[in-house]
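Welcome to a short tour of one protein model. Please have the sequence and the 3D view open as you read.

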Amino acid sequence: MNRLTTSQGEFDLARFPENPRDPFRAWDAADEYLLRRLEGAEGSEPVPPAGTVAVVGDRWGALATVLAAHGPVQITDSYLARRATEANLARNGAAPDSVRMLSVRDTPPERVDLLLVRVPKSLALLEDQLHRLAPAVHAGTVVIGTGMVKEIHTSTLKLFERIIGPTRTSLAVKKARLIFCTPDPALPRAPSPWPLRYELPDDVGAVSGRTVTNHAGIFCAERLDIGTRFFLKHLPERTGPDRVVDLGCGNGVVGTAAALANPAAAVTFIDESYQAVASAEATFHENAGPDAEADFLVGDGMADVPREGVDLVLCNPPFHSHQAVTDATARNMFHGARAALRQGGELWVVGNRHLGYHTQLRRIFGNCVTVAGDPKFVVLRAVKR
């Protein structure tokens, strides 16, 4: 936990799940720059948070917590960001309902008077959200984006310009930059181009030639990534009423492959991204049929899965948290999988060879074997003894 000092007070903030060994803070210089701008720092006119304040992409709830007295609407694709916001509000004495929390799948407010956008890693997610929010923006809306310099590109500014209105940037401060956008009500309001759909190649097992649905913001939404492609070629061949979890499901192609290969299996799709779980649900039902049954869960890994009730976990873990490279998410997934697996249950993982997941799996499970490998990827299997 760290303390953020602003003109509105001091706030104790942490990421979720909170880990005392986590070296990363719940905010960065981009969040600080935006808050100083609202306060009128460096000779600028203050921007009082009046009317409906919408905070989009608030990564760990720092912005919403500082602005809680103004009743903001937080819009996020991240379950973990929502949980972090709830925890940060509580630890700073704010009421749970002081921030209205929406996912990116929810209907946005009808009118927004102050729109604050934390630029996401995914340009597609930004595009989709600006399209969804554009009807709520009016000529008097103040629109300010923020991000680290490495996160803001010409393509980022062009999105604001094309969807909302004329756009300019600030000078960089502590490697952070602000985006100022003036709404133009005369701009045509085009629908979002998302979701996208593409057909899978013919050499990926049970899902060969099938179509997947991809909402904005999920990993490799415009094509099948090579790691998942390698995984699909080496999935376990199983029969019978297995309980299978596609952990970190993305667009759901791995869990759908498991369901098609073994129709008797009960498959659960889990991701912390609302967009990912919506993609997985669409992909599964399009390929397994509208009456096929599966469970779809937005959550913190395996935290909400009953212990010792799962036969097989399939996982392609991320190794980034926003822009930071970290293996913390993978470790949490592996520990959660072990707790949820029955005795004899298996965790299958695909990952870049250089990440060394075999070391972690041997530490957690006491065993790990390499099922398949090429110069870039490995598929690993660990068994709960």
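Predicted model: local features only at pLDDT ≥ 70, side-chain atom pairs only at ≥ 80, totals over all residues.

## Helix pairs, cores and a buried glycine

Residues are numbered from 1 along each chain as its sequence is written, and side-chain values use heavy atoms, leaving out hydrogens and water.

Helices (H or I, at least four residues) and strands (E, at least two) are DSSP runs, numbered from the N terminus. The axes of H4 (residues 123–133) and H5 (residues 154–163) come within 10 Å and cross at roughly 15 degrees; these axes are lines fitted to C-alpha atoms over the stretch in contact, with angles running from 0 to 180 degrees between N-to-C directions. H4 and H5 are therefore roughly parallel to each other, the term for angles under 35 degrees.

Here are the residues that meet (contact means heavy atoms within 4.5 Å):

| Helix | Residues in the contact |
|---|---|
| H4 | Leu123, Leu126, Glu127, Leu130, His131 |
| H5 | Ser155, Thr156, Leu159, Phe160, Arg162, Ile163 |

By class, this contact of H4 with H5 has six nonpolar, three polar and two charged residues. Ala, Val, Leu, Ile, Met, Phe, Trp, Tyr, Cys and Pro count as nonpolar, Asp, Glu, Lys and Arg as charged, and the others, Gly among them, as polar.

Gly165 is buried, with a relative accessible area of 1%; buried means under 20% relative accessible area (1.4 Å probe, protein chains only). Leaving aside neighbours within four places in sequence, Gly165 is in contact with Phe160, Cys181, Thr182, Asp184 and Leu187.

Now to the interior. The largest nonpolar core has 31 residues, of which Leu13, Leu38, Leu116 and Ile144 touch the most other members. Such a core is a set of buried Ala, Val, Leu, Ile, Met, Phe, Trp, Tyr and Cys residues joined through side-chain atoms within 4.5 Å.

Elsewhere, seven of the nine residues of helix H7 (residues 253–261) are buried, so H7 is largely enclosed by the rest of the structure. The buried residues of H7 pack against several elements, including helix H6 (226–232) and helix H8 (274–288).

Conventions. Parallel < 35°, antiparallel > 145°, perpendicular 65-115°, else oblique. Buried < 20%, exposed > 50% of the residue type's maximum accessible area, 1.4 Å probe, protein only.
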